[in-house]
Amino acid sequence: MSSIKRRQFLQSLGASLTVLGINQLGMQQAAWNYGKVLAQDTRRKRSLLVGINDYPGTSAQDLKTQGLWYQLKGAVNDVYLQRELLIHRFGFHPDDVLVLSDGQAKRQNILDKFEQHLIQWVKSPDDVVVFHYSGHGSNVIDPNQVFTDKLNGTIVPVDADLPDGYPQKGGEVNDITAGTIFLLREALGRKTKNVTFILDSCYSGGGVRGNLIIRSRPGHVELRGDDKITQLAASQEELAYQQRWLTDLKLSQAEWIEQRRKNIVNGAAIFAAQRNQQAADAAFATDVHAGVFTYSLTRQLWQQTSNQAMGKVVIAAAAKTEQFLKTVQNSRVQNPDIEVKSGSTDDQQPMYFAPMQKPAAEAVITEVTGNAVKLLLTGAEPQVLEALGKGAIFTVVDDRGQAQGTVKIESRDRLNATGLLQTNSTVKITPGTALQEQIRAIPSNLKLRIGLDKSLNSEAAKQALRSLSRIEVVPLLEQEVHYILGRMLPAYRQDLEKRAIAIADLPPVNSIGLFSVGFEPIPGSFGVADEKINEAVNRLQTKFKLLLAARLIKLTLNTTSSRLNVVASLAGANTKSLLAESFTVRGGKSLSPRISPTVKSKTQLIAQIEVDKPVQISVENRESRDLHIGVLIFSPDGDIDILFPLSDGKNAALVSAGQTLQIPSEAEMKTGEKMTFGKPLGIVEVLIVASTAPIDKALKPLQALIMEQRSEKRSGSQVAEKAEEAIASLLDDLASETRGETKTDIRQFDVQQMAALSITFAIVDCKVKN
């Protein structure tokens with residue numbers, strides 16, 4: 001395996017090219033007729049869902065808070081994603097799911113509806129209650145000093161603006177504090193323990209990070225310059241409301257404080273971020289905005305094939321959240337968490353304390369008119385949404401998961417789609433029916449979306465980018481971008497230096513380069529200081545093409561929908577300890593997610609591999625037939641490499657039924673071969689493609705291209721064009737099962753006949769502080 005030793009795995013591999021997008025969901029608030037959805041669980045269920053995007057104090061005209069906090073894009077979408085999930089997977093009746101959005105979500109209305117719709121409604125210990133909040137969070141001074149920081153976390157209703165004169169002046173705010181939320185949980189918990197609170201907000205600092213909005217309105221701040229403290233305090237109405245509940249619940253002040261400290265309350269509370277972290281509002285593919293955690297959680301619950309313990313569901317959703325945020329902002333973290341009553345086993349109960357009642361699905365039918373249907377892509381992974389438009393086909397399944405027909409997509413708008421239904425005439429399809437992906441359709445004209453940072457937001461920069469083929473210039477914070485083009489300004493360079501990043505690895509001040517969606521610099525993309533924009537764009541042509549090529553191939557990822565039984569894993573070469581694993585959820589025997597022994601807690605879900613530590617990749621073909629397998633690796637500096645097959649002979653990619661491919665093999669490791677990773681530090685992504693059809697045609701030109709790139713036999717522009725052609729060839733191979741149809745502007749491939757899995761991990765240097 002001399003090629004592995006020769007490359008030392010390129011020393012340039014570091015961070016993933018995976019950039020999930022999120023843009024406007026735009027789901028209709030008008031109530032659909034879901035009355036025919038039948039609940040198998042006869043217990044009563046109710047939910048109150050609150051989502052706020054349109055905060056008055058965040059308008060562009062509001063100069064007193066401009067730049068301190070921002071309008072959100074995805075909070076309202078969060079609650080509609082939750083609504084469809086509760087109705088279609090957990091058997092909630094539509095009339096029992098109450099949504100308050102934007103102007104409806106004033107403080108008093110939230111509290112009134114909480115009491116009327118939830119507390120007064122609960123009659124039995126078996127009743128199930130869900131409360132979800134998506135919006136800004138904040139903090140105020142806690143007069144009870146429950147926690148050591150002497151702060152009370154809050155959720156921010158639509159009528160909770162900052163005081164006039166903030167931050168020079170403090171005052172009262174109209175927030176709902178954590179103390180009140182605890183009392184409401186206690187009021188419900190005395191009637192039923194089947195209570196779930198989900199809060200997708202934070203209070204560790206507001207503002208924006210590239211194309212991400214942080215869900216936090218500024219709160220208590222300390223002005224160190226003149227030793228003044230700007231205090232925000234809960235309103236008198238809030239304090240009086242708490243006192244009323246203490247009286248009704250017959251709780252003393254001391255008992256209330258002690259119970260909060262020890263978390264003595266029934267039910268479960270799920271948080272999008274921990275106490276000192278930021279919760280992100282992001283733009284996913286094709287105009288779908290949502291909270292990163294809520295979108296991760298709802299997808300996880302649509303995709304899982306069996307009821308899992310609530311604690312495990314949150315860990316899995318947290319892993320999706322961390323993977324997204326690590327790839328878009330690398331160093332910043334958001335670790336979702338769950339709290340249950342001290343000493344209880346409530347985290348072992350099913351999610352929402354209610355078993356799922358529908359099969360795993362990528363979509364759900366919302367309307368049926370003859371053979372025309374409307375559907376919602378609720379369980380689809382965001383990075384592949386663009387391959388689930390016109391030409392994609394879904395299998396209609398009944399409540400037992402049995403196929404009943406197909407739906408072929410005619411058009412898609414965000415997460416909504418229309419299609420044509422084909423079933424046996426005796427089968428009656430109703431709203432609420434689940435759909436599982438069968439045929440994916442990748443458009444041939446996809447573009448790389450580049451946002452312009454304010455440091456480069458000029459007409460000259462826009463024209464330079466528009467002169468390149470398949471590049472689209474996109475406004476930040478309005479829709480999904482894949483990368484951001486900007487200058488390394490002095491202030492940001494200083495911020496990076498404070499984070500103890502090696503100076504030698506940092507771009508020079510005033511150089512132009514690419515940033516991730518979370519505004520982290522992309523290694524290898526920056527030029528010299530004071531470079532002109534036209535020169536920078538010309539220099540980056542090759543990188544743009546390679547990034548686009550990588551984006552195209554990642555549209556094949558189908559871990560949750562593939563029927564092939566394939567398992568990929570990453571382990572320490574010396575210790576054999578499992579570091580990361582990826583498998584097809586519906587491919588065979590259900591597997592429980594495993595977490596590496598090196599992962600000490602829920603706060604570290606992505607495996608970390610130290611520089612130069614040897615590892616081994618394994619791919620198990622658990623099918624009873626041979627599979628053609630390719631293993632590729634991506635880095636943020638534009639490199640694409642092939643780990644398997646290393647030769648271009650006939651059937652070189654073939655792995656026999658029941659066999660395991662190891663890179664490097666045990667025999668090779670005994671002779672001293674090893675696989676290690678070097679700088680730049682960051683996220684590495686390994687893509688494993690398995691297919692029933694040969695993929696040699698595509699791998700051969702890609703292998704030749706990689707060798708030419710390293711030997712500099714071709715110019716950068718030639719390499720870029722060849723990369724795009726090679727990836728397109730691979731997509732053609734994967735689509736070979738469905739190419740009998742008339743050629744169109746899309747490539748279709750059967751997810752039942754191929755699997756594309758991703759293993760993501762972080763390369764770290766223990767000598768450098770994170």
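**Strand pairing and helix packing in a predicted model**

L49 stands opposite V99 in β2. The model is predicted, so local features need pLDDT of at least 70 and side-chain atom pairs count only at pLDDT 80 or more, while totals for chains, interfaces and linings use all residues. Residues are numbered from 1 along each chain as its sequence is written, and side-chain values use heavy atoms, leaving out hydrogens and water.

Strand β1 (residues 45-51) and β2 run parallel and are joined by five bridges; strands (E, at least two residues) and helices (H or I, at least four) are DSSP runs, numbered from the N terminus. Two strands pair if DSSP finds at least two bridges between them. Four of the five residues of β2 (residues 97-101) are buried, so this strand is largely enclosed by the rest of the structure; buried means under 20% relative accessible area (1.4 Å probe, protein chains only).

Strand β26 (residues 483-487) runs antiparallel to β27, and four bridges join them. R487 stands opposite I512 in β27.

Helices α4 (residues 178-189) and α5 (residues 236-248) pack at an angle of about 25 degrees, with their axes 10 Å apart. Axes are lines fitted to C-alpha atoms, for helices over the stretch in contact, and angles run from 0 to 180 degrees between N-to-C directions. In α4, G179, T180, L183, L184 and A187 meet E238, Y241, Q242, W245 and L246 in α5, where contact means heavy atoms within 4.5 Å.

How values were computed:
Buried < 20%, exposed > 50% of the residue type's maximum accessible area, 1.4 Å probe, protein only.
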